[in-house]
Amino acid sequence: MPNIDISALLTNMLSAAKEPLLQKWSETSGYAESEFKKIGEAILFIEKQRLIGKMTEEQAKLHLEMQKNASRAILLTIEGLGILAVEAAINAALSVIRDTVNTALKFPLI
Amino acid sequence: MKNKEHRLKFVSFRILCIISLLYVLSIIGCANIRLIADYDEQIDTSITSFQRKVEAFLTYLERNAVKDEAKYENNTKFYDEAMVDLSAIRVRAAANPKNEITIKQIDLLYENISNLEKLHKLGIPAEQIFPIRTAINSTCTAILKLEIAKKRGRS
C-alpha cells in the first residue's frame with residue numbers, strides 16, 4: 001500500500017503554486033503601466049518638437065530609438081519577473097510536498 | 001466500464017506526473033529550482049551609480065546647453081567613461097549563469113548611451129533633454145527592478 005496520496009499531493013502543489021504567480025502579476029502590471037506612461041509622454045514630446053520644426057528627422061529617429069530601447073528593457077524585466085514567478089511556484093509546490101515525500105521514501109529526496 | 005477505464009487512465013497520468021517530478025528531483029538533487037541568476041549586489045550598486053553619473057551629465061547639459069563647454073567636443077571623456085563602466089557591468093553580469101535577460105538589458109543601455117552620443121554630436125537643445133532622461137532612467141529602472149526582484153523572490 002503506497003504511503004503517498006497522489007490526489008492530495010497534487011491539490012497541495014497546485015494551491016501552493018497559484019499564489020506566487022498571482023502576486024507577481026499584480027506587481028508587474030503596476031510597474032509596466034507607470035513606465036510605459038512615461039515613455040508615451042516622451043514620444044508625444046518628440047512628435048511636438050518635430051511638428052514645430054525644432055527637431056530634425058535624424059534627431060527624431062535617434063530619440064525614438066532610445067524610447068524603443070527603454071520599452072524593450074521594460075519588457076525584458078516583465079519576462080524576468082514571469083520566470084521568477086514560475087520558479088517561485090515550482091518551489092512552493094515542492095515545499096508543500098517535501099515532508100510527505102521524504103517521510104514516505106525514508107530519505108531526504110526533496 | 002468506459003468510465004472506469006477513463007478514470008484508470010487519469011490516475012495513471014497523475015502517477016506518471018509524480019514519478020517524473022521525483023525523477024527530475026533525484027537528478028538535480030536540490031531543494032530549490034533556479035531558473036534565473038541570483039541577485040548580484042554589485043550589479044545593483046553599479047547601475048545605481050551609473051544612473052547617477054548620467055543624470056548629473058544630463059543636468060549639466062541642460063544648464064549649459066548654449067555654452068561652448070557643453071559641446072560634444074568638450075565632453076568626449078564622459079562617453080569614454082560611460083562605455084567602460086557599462087562594459088565592466090556587462091562582464092560582471094555575464095559571469096553569473098542564467099543571467100541572459102540582464103545582459104540584454106545592459107546592451108540596450110549601452111545602445112542608448114551610444115544614441116545619446118550621436119544626438120550630442122548633432123547638438124541637443126536644453127528642452128530636448130527630457131525624453132533622453134526618461135529613456136535612460138526607464139532602462140536603468142528596468143535593470144534594477146529585475147535585480148531587486150531576484151533578491152526578493154528568494155528571501
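B:Glu55 lies in helix α2 of chain B, which covers residues 41-64. Helices here are DSSP runs of H or I with at least four residues, strands are runs of E with at least two, and both are numbered from the N terminus. The model is predicted: local features need pLDDT of at least 70, side-chain atom pairs count only at pLDDT 80 or more, and totals for chains, interfaces and linings use all residues. Residues are numbered from 1 along each chain as its sequence is written, while chains are lettered from A and ligands numbered from 1 in the order in which they are written.

B:Glu55 counts as partly exposed because it has 14 C-beta neighbours inside 10 Å. A residue is buried with 20 or more other C-beta atoms within 10 Å of its own, exposed with 12 or fewer, and partly exposed in between; the C-beta atoms are placed from the backbone. B:Glu55 and B:Ile136 are 81 residues apart in sequence, yet their C-alpha atoms are 8.8 Å apart in space.

Helix α4(B) has 23 residues. Its first and last C-alpha atoms are 33 Å apart, close to the 33 Å expected. The expected span is 1.5 Å times one less than the number of residues. Buried residues of α4(B) include B:Ile101, B:Gln105, B:Leu108, B:Asn112, B:Asn115 and B:Leu119. An α-helix has 3.6 residues a turn, so residues three or four places apart point the same way. Just after α4(B), B:Gly123 takes a positive phi of about 105°.

Chain A has 2 helices and 0 strands. Its C-alpha trace spans about 80 × 20 × 15 Å along its principal axes. The radius of gyration of chain A is 24 Å, whereas a compact globule of 110 residues would have one near 13 Å. This radius is taken over C-alpha atoms, and the globule rule is 2.2 Å times the number of residues to the power 0.38. Of the 110 residues of chain A, 29% count as buried.

Helix α1(A) covers residues 6-51. Its 46 residues should span 68 Å, and its end C-alpha atoms are 66 Å apart, which agrees. Among its buried residues are A:Leu9, A:Met13 and A:Pro20. Just after α1(A), A:Gly53 takes a positive phi of about 75°.

The two chains meet through 39 residues of chain B and 39 residues of chain A. Contact means C-beta atoms, placed from the backbone, within 7 Å. On the side of chain B that touches chain A, α5(B) gives the most, with 14 residues.
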